[in-house]
Amino acid sequence: MKRLILFSFFISSVLMVAQENELKIGNVYPGEMTYSAFTLDEDMEITISGALGNFERWDDRITYYAWIIDADDRSLVWHVYDEDDDYRDESGFYDFESDLNLDKGNYEVYMCSFRGNYFHVDDFGDVIAEVFSRKSKKFRSSYREKLFISLKASSGRIEKVEKDKFIKEKLEGAIVSLNRAGDDEDFKQGFKVTEPVRIRIYAIGEGRKKEVFDYAWIYDTRTREKVWAMDPRKSDYAGGNEKNIMFNEVLRLEPGNYMVAYLSDDSHSWPDWNAAPPNDPEFYGITIWPATEDDIEAIGPLDKNEVIKPVMAITGVGDDEYISRGLRVKERVKLHVIALGEMGHGKSMADYGKIYNADTRETVWEMRAGETHHAGGARKNRIMKGDITLDPGNYVVMYVSDDTHSYEEWNSAPPFDRELWGISLWPLKDYSSSDFEEFDPDNFKSKSALAEITRVRDDARKSKTFILDEETKVRIIALGEGDRDEMYDYGWIKNMDTGQVVWEMTYRKTDHAGGDRKNRLFNGTIILDKGEYKVYYTTDGSHSYGDWNSSPPHDQELYGIIISKED
């Protein structure tokens with residue numbers, strides 16, 4: 001009895017006819033898809049017939065349709081909406097029959113049902129317009145059992161095979177493959193090339209106009225430069241809904257190590273489509289093959305130990321973060337800097353990175369809006385790259401983010417390489433780990449510092465004394481708040497021997513310190529006579545370290561004043 005039940009269930013769910021000259025599929029539940037694979041051992045004419053349709057169910061519309069693809073090159077060979085038959089039944093049924101000449105080869109036939117009116121109408125012609133123009137009755141489960149597609153050969157043989165057979169065979173020779181990509185994919189796989197080669201890229205995703213939502217790219221693991229990326233403006237239509245995009249192209253690569261990445265958002269992917277799926281849904285994702293047999297020998301897998309790692313990275317940064325890490329450089333080095341962040345209003349950076357000399361507070365590298373480029377996804381995603389040379393010394397790498405759109409939670413399409421949201425330093429040649437040492441910038445004290453008052457909060461008045469044994473050139477770095485001709489948070493220096501103020505932070509002496517315009521910075525030198533001095537710093541009741549009432553300055557931890565000897 002159990003065998004009979006199982007056999008009946010199999011027949012009712014797939015409806016595969018065992019006759020050698022006919023193949024039939026159907027009984028598809030709303031929102032689902034089924035397919036079957038078959039092979040033809042000779043060129044032949046087949047008759048395609050069936051009952052499909054368009055039905056109203058509550059406030060939803062359920063559409064049934066079918067198509068056939070070449071299982072070897074994955075191209076579309078037939079679609080029901082290419083037919084010219086009229087809609088014949090007011091109930092919503094669409095009966096059709098047509099003859100099709102197929103070459104000897106391998107094929108897959110699909111039948112799909114989905115909810116919603118999300119077609120690419122221009123490519124479906126008059127028939128789909130006719131389908132949507134007719135008023136249908138409520139969908140009933142009994143309708144589902146009447147819907148099917150049949151392929152019949154008048155002579156010759158239609159040989160049904162295991163439905164995944166051709167897909168498995170296609171994937172066997174792949175260098176990299178992510179097929180049947182689902183929601184929230186974050187896929188990466190590397191490969192290496194030992195001599196110039198050509199590769200075939202077959203990628204299907206989701207995008208429109210200038211934005212992509214499910215997409216892939218390839219980058220050089222040493223330079224992090226993209227060598228290929230899915231751009232919807234250069235894509236082909238993948239069938240189904242107009243947001244389904246496809247790339248099927250050949251790319252030449254030079255020797256090197258490469259990484260393939262694929263990301264998807266939280267909707268419209270295999271097998272949960274929120275609109276008509278692409279013509280080749282089983283290959284949703286990215287698959288790469290050697291373009292020719294001659295290219296096979298020059299391509300191999302990439303070992304994890306061969307993947308370049310950053311010297312330092314502040315990445316995966318979330319909302320409202322201020323992160324700083326110290327890097328002590330022991331030998332002169334050249335590094336590649338990559339920073340991903342968010343462009344704010346007025347073409348200023350809302351999320352950005354910076355590197356400065358811990359001893360002098362001099363900016364070594366900074367992410368500036370005007371020097372960034374689009375990083376993929378939303379237009380506000382920006383990337384800046386550059387090489388820097390660091391002499392032996394102490395440096396601070398820092399990153400600041402605002403309260404929206406970050407690795408923690410994107411409020412629009414994320415960038416291509418979203419895991420690098422932040423700032424990272426990459427070696428341009430092999431360096432020993434002993435060439436670098438991390439330190440805590442919170443506890444760092446410069447050897448040349450004479451007095452330091454930093455991270456000053458609201459309603460503060462602080463002071464420190466220092467003594468000079470001889471006339472000395474000193475550097476003053478002061479960060480505070482000011483507006484027009486008035487300072488609210490500022491510092492000054494008094495000669496304790498004479499009682500005179502020898503330097504004071506004024507608005508006209510300062511420059512913009514990043515963030516809100518009222519953030520002001522002085523970084524300059526003066527000469528002080530031998531003697532005893534006291535440095536002061538005062539703040540008002542708002543906008544200070546840890547409690548900013550508008551955009552903070554770039555170097556938040558500096559808020560205050562530092563006096564140091566100048567070499």
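**A walk through the predicted model**

Ser324 has its place in strand E21 (residues 322–329), where strands (E, at least two residues) and helices (H or I, at least four) are DSSP runs numbered from the N terminus. The structure is a predicted model, in which local features need pLDDT of at least 70 and side-chain atom pairs count only at pLDDT 80 or more, while totals for chains, interfaces and linings use all residues. Residues are numbered from 1 along each chain as its sequence is written, and side-chain values use heavy atoms, with hydrogens and water left out.

Ser324 counts as buried because its relative accessibility is 15%; buried means under 20% relative accessible area, exposed over 50%, and partly exposed in between, with a 1.4 Å probe and protein chains only. The side chain of Ser324 makes a polar contact with the side chain of Glu557 at 3.2 Å. A polar contact is a pair of N or O atoms within 3.5 Å; within protein, one must be able to donate a hydrogen and the other to accept it, and residues adjacent in sequence count only if both atoms are side-chain atoms. Not counting residues up to four places away in sequence, Ser324 touches Ile314, Val396, Val397, Met398, Pro441 and Glu557, contact being heavy atoms within 4.5 Å.

Another buried position is Ile69, which lies in strand E4 (residues 60–70) and has a relative accessible area of 0%. Leaving aside neighbours within four places in sequence, the contacts of Ile69 include Arg74, Leu76, Asn106, Tyr110 and Asp280. Ile69 and Asn106 are 37 residues apart in sequence, and their C-alpha atoms are 8.9 Å apart in space.

Strand E17 (residues 256–263) is mostly covered, with seven of its eight residues buried. Strand E11 (residues 186–193) runs antiparallel to E17 and is joined to it by eight bridges, with Tyr262 of E17 as the bridge partner of Phe187. Strand E13 (residues 211–220) is also antiparallel to E17, through six bridges, and here Trp217 has Ala261 of E17 as its bridge partner. Two strands pair if DSSP finds at least two bridges between them.

A search of the whole structure finds 24 aromatic pairs. Tyr202 and Phe283 form a tilted one, at 5.9 Å centre to centre and 50° between the planes. This pair links distant parts of the chain, with Tyr202 in strand E12 (residues 197–208) and Phe283 in the loop between E17 and strand E18 (285–290), 81 residues apart; both Tyr202 and Phe283 are buried. The rings of Trp410 and Trp421 have their centres 5.0 Å apart and their planes at 85°, so this pair is edge-to-face. For such labels, rings of Phe, Tyr and Trp (its six-membered ring) pair if their centres lie within 6.5 Å, and planes under 30 degrees apart count as stacked, over 60 as edge-to-face and the rest as tilted. Trp421 counts as buried because its relative accessibility is 0%. Elsewhere, Tyr35, Tyr65, Trp67 and Tyr110 form one aromatic cluster.

Charges also sit over rings: the charged end of Lys170 lies over the ring of Trp289, 5.2 Å from its centre, and Arg520 lies over the face of Tyr507, 4.4 Å from the ring centre. The criterion is that NZ of Lys or CZ of Arg is within 6 Å of the ring centre and within 35 degrees of the ring normal.

For the protein as a whole, there are four helices and 38 strands, and buried residues make up 53% of the 567 residues.
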